[in-house]
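Hello,

Please find the structure below, as promised. My notes on what turned up follow it.

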Amino acid sequence: MAEDRKELLEKIWRSQDEAYDLMCEYDALPHHYGDFILYQAEAHVVSLIAQYPDVTVTDLAFITRKSPSACSQTVRKLREKGLVEQVRNRDNNRQLKLQLTELGQKLHKGHAEFSDDCQRRTFEKLDEFTDQELELYLRVQKRINEAYTDDVRRSRDRFT
């Protein structure tokens, strides 16, 4: 591999690492959503419950690619905050469906507004790029994601 190309690819690698670190830091901080203060993971679960009425904890685990235990803990916290309730499924008494309380619906609205504002500001920063440049970026990111998917698969295969 030519030295210039290797250096360029290493810059891309470092940029991906920086983006990952920033996303992790962002997710670890509490956020204000209207009158509510929640962590990103909690607000995301509220949004998923709004998006998928009567979703279960098992469903959330599948959607988020997290363990059922991790999802149960998040749901428990949201229940304690009065944002989510669990309702027995009439057709399957063992199954608990998740629903937003009135307070949870209010939070969801605040979170949606917050997310829309973040997306708008990000999109404004990308205004300088042409559609073709953005398409090229998507192609590159898709290939990087394929490499990450391969890494995840290989790591899982080692432990199963």
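**Surface patches**

With a relative accessible area of 35%, leucine 126 falls between the cut-offs of 20% and 50%, so this residue counts as partly exposed. Please keep in mind throughout that this is a predicted model. Leucine 126 sits in the loop that runs between α5 (102-125) and α6 (131-158).

Asp17, Glu18, Asp21 and Glu25 come together on the surface as a patch of negative charge. Of these residues, aspartate 17 belongs to helix α1, which spans residues 3-28. Its relative accessibility is 36%, and aspartate 17 is therefore classed as partly exposed.

**Overall build**

The chain contains six helices and four strands. Read from the N terminus, the order of elements is α-β-β-α-α-α-β-β-α-α.

How does the radius of gyration of the chain compare with that of a compact globule of 160 residues? The chain has 20 Å, whereas such a globule would be near 15 Å. Along the principal axes, the C-alpha atoms occupy a box of roughly 65 × 45 × 25 Å. Of the 160 residues in the chain, 22% are buried.

**Salt bridges**

The structure has twelve salt bridges. I describe some of them here.

One of them joins lysine 106 to aspartate 35 through their side chains, at 3.3 Å from N to O. Lysine 106 is in helix α5, while aspartate 35 is in the loop between β1 (30-33) and β2 (36-39), so this pair ties together parts of the chain that lie 71 residues apart in sequence. Are the two partners buried or exposed? Lysine 106 is partly exposed, at a relative accessible area of 48%. Aspartate 35 has 65% and is exposed.

Another salt bridge pairs arginine 76 with glutamate 80, and their closest N and O atoms are 3.0 Å apart. Both residues are in helix α4 (residues 68-80), with a spacing of four residues, or about one turn of the helix. Arginine 76 is partly exposed at 39% relative accessibility, and glutamate 80 is exposed with a relative accessible area of 58%.

In helix α5, arginine 120 and aspartate 117 are three residues apart, again about one turn of the helix. Their side chains form a salt bridge of 2.4 Å, N to O. Arginine 120 has a relative accessibility of 41% and counts as partly exposed. Aspartate 117 is also partly exposed, with a relative accessible area of 29%.

Which residues make up the network of salt bridges that includes this pair? Asp117, Arg120, Arg121 and Glu124 are the residues linked in that network.

**In brief**

- A negative surface patch is formed by Asp17, Glu18, Asp21 and Glu25.
- The salt bridges include the pair of lysine 106 and aspartate 35, as well as the pair of arginine 76 and glutamate 80.
- Asp117, Arg120, Arg121 and Glu124 are connected by salt bridges as a network.

Best regards

Conventions: Residues numbered from 1 in each chain as written. Predicted model: local features only at pLDDT ≥ 70, side-chain atom pairs only at ≥ 80, totals over all residues. Heavy atoms only, no water. Patch = residues over 30% accessible without salt bridge, like charges linked within 9 Å, V, L, I, M, F, W, Y side chains within 5 Å. Areas by Shrake-Rupley, 256 points an atom, 1.4 Å probe, with all protein chains shown as cover. Salt bridge = Lys/Arg side-chain N within 4 Å of Asp/Glu carboxyl O. Lys, Arg positive; Asp, Glu negative; His and termini not counted. Charge placed at Lys NZ, Arg CZ, Asp CG, Glu CD. Helix = DSSP H or I, 4+ residues; strand = E, 2+ residues; numbered from the N terminus. Buried < 20%, exposed > 50% of the residue type's maximum accessible area, 1.4 Å probe, protein only. Rg over C-alpha atoms; globule rule 2.2 N^0.38 Å.
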